[in-house]
Amino acid sequence: MSVDASPADRFKQFRPASPASNGNGVLSASPASVKAAHRLRLNPTSDHEPDSYEDLQSQLDFSPMLFSSLERYLPPPLLTLSRDAKVDYMRDILLRYSPEGERTRVLRHREYRQKILANYKPLHRELYTMHAASFFVPSFLRALKENTEESFRSIITEPSPGIYVFEMLQSRACAMLLSEVESFERWVHDTNFRIMRPNTMNKYGVVLDDFGLETMLARMMDDFVRPIARVFFPEVGGSTLDSHHGFVVEYGMDRDVELGFHVDDSEVTLNVCLGEQFSGGELFFRGVRCDKHVNSETQSEESFDYSHSPGHAILHRGRHRHGARATTSGHRANLILWCRSSSVFRELRKYQTDFSSWCGECLRTKRARHQLSLASTKLELMKRERRAS
């Protein structure tokens, strides 16, 4: 596929199941099926530390991390209730707005994960707890500790609008993660276990959440991605990221070679190169688009190419159209973390028609209408002046 995809080109998109909303950013089902009190707040209680629900995984219909994320959105009087009471409250909401087919899918996926966790033995257990000092580079940790826009900009470059690049992972962390992925793939091969791939486009790679790294990745999103996204991507839910999909993709002559033009199923995407030795594989970006304009033409100023460097991360909106050129030699692996604002931004987006705060084509259309309106007003004033004279 040409890197400058036209509207006629096939365009890959990943879409989640869409829960219901009451139109005010509050998760709920229809008034007839849900008690009026059973709803979540629009904004989270930022200073509240939610409970852990990991020990209830076998009893829950949804991911334990989802319950931890949603707890911050509970009405304040409920935050002091017992964990069981909070579970009942949140489960009632989730079960009512989630389609039956989606609940079935979640249950089957949970069983699938349980089979893996019961049989796969982790190679690097320290990876699953992620000690920040031995995982991230010092400059990244210092910027996160200060937690200001100035500290973030001191380590980040913005080579193209909305694309942020910075050094993130130590080489040891990259090597450990690659080693764990290789260990898991050997187990898959030796046991003939059929695994789910990261998405519909990659035939190689593994979903990290499926073999025990869900908690680690949730912490990475909460503590190390969301503070940055809050500053640079507030218009797409950067401050309310509450769920994720984490995986490693692999490219090479005996793996996936390239990746077609697409958008991600995320509000914010973190992409970190883990290595190893390779040539090619550059990412190409072609502008941010909403659903309506996803196949619109690329403007010259929206074109940007990025070359990977091990340990370095690139952070961008999930709706930023992109793809990967062919890896011409060697082997390249990348950690991908799709970060989502499922309980706020995605609910609000369903009731919006103007996305000019982040969609390039919406903004151009809005500006064109404004210019047309100004021209029309000017013309009308000129006509009035001629009639008056």
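Residue A175 lies in helix α8, which spans residues 171-191; helices here are DSSP runs of H or I with at least four residues, strands are runs of E with at least two, and both are numbered from the N terminus. The model is a predicted one, in which local features need pLDDT of at least 70 and side-chain atom pairs count only at pLDDT 80 or more, whereas totals for chains, interfaces and linings use all residues. Residues are numbered from 1 along each chain as its sequence is written, and side-chain values use heavy atoms, with hydrogens and water left out.

With a relative accessible area of 45%, A175 is partly exposed. This class lies between buried, under 20% relative accessible area, and exposed, over 50%, as computed with a 1.4 Å probe on protein chains only. A175 and G275 are 100 residues apart in sequence, yet their C-alpha atoms are 8.2 Å apart in space.

The protein as a whole has 11 helices and 12 strands. Of its 389 residues, 51% count as buried. Among contacts with a sequence separation of 6 or more, 80% come from residues 24 or more positions apart, a contact being heavy atoms within 4.5 Å.

Helix α1 (residues 64-71) packs against helix α2 (residues 83-97) at an angle of about 100°, with the axes 11 Å apart. That makes α1 roughly perpendicular to α2, a class that covers 65 to 115 degrees, while angles under 35 degrees count as roughly parallel, those over 145 as roughly antiparallel and the rest as oblique. The axes are lines fitted to C-alpha atoms, for helices over the stretch in contact, and the angles run from 0 to 180 degrees between N-to-C directions. The buried residues are P64, M65, L66, F67, S68, S69, L70 and E71, and what covers them includes α2 and α9 (214-232).

An open sheet is formed by four strands in the order β5-β11-β8-β9, with antiparallel pairing; two strands pair if DSSP finds at least two bridges between them. Its edge strands, β5 (259-262) and β9 (303-306), each pair on one side only. From one strand to the next, the twist averages 20°. Strand β8 (residues 283-288) pairs with β11 (residues 320-324) in the antiparallel sense over four bridges, and four bridges also join β8 to β9, again antiparallel. Residue L283 has a bridge partner in each of these neighbours: Y306 in β9 and A324 in β11. F284 stands opposite G323 in β11. Six of the six residues of β8 are buried, so the strand is largely enclosed by the rest of the structure.

Two residues other than glycine have a positive phi. For M130 the value is near 50°, and the residue sits in the loop between α4 (125-129) and α5 (132-135). M130 is buried, at a relative accessible area of 1%. For N192 phi is near 55°; this residue is found in the loop between α8 and β3 (206-207). At 69% relative accessibility, N192 counts as exposed.

Aromatic side chains form a further set of interactions. The structure holds 19 aromatic pairs. Rings of Phe, Tyr and Trp (its six-membered ring) pair if their centres lie within 6.5 Å; planes under 30 degrees apart count as stacked, over 60 as edge-to-face and the rest as tilted. One aromatic cluster is formed by Y112, Y120, F184, W187, F193 and F211.

The cysteines remain to be considered. A search of the whole structure finds zero disulfides, a disulfide being a pair of cysteine sulfur atoms within 2.5 Å. C290 is in no disulfide, and the nearest cysteine sulfur, that of C359, is 3.7 Å away. C290 is buried, with a relative accessible area of 3%. C339 is likewise buried, with a value of 0%.
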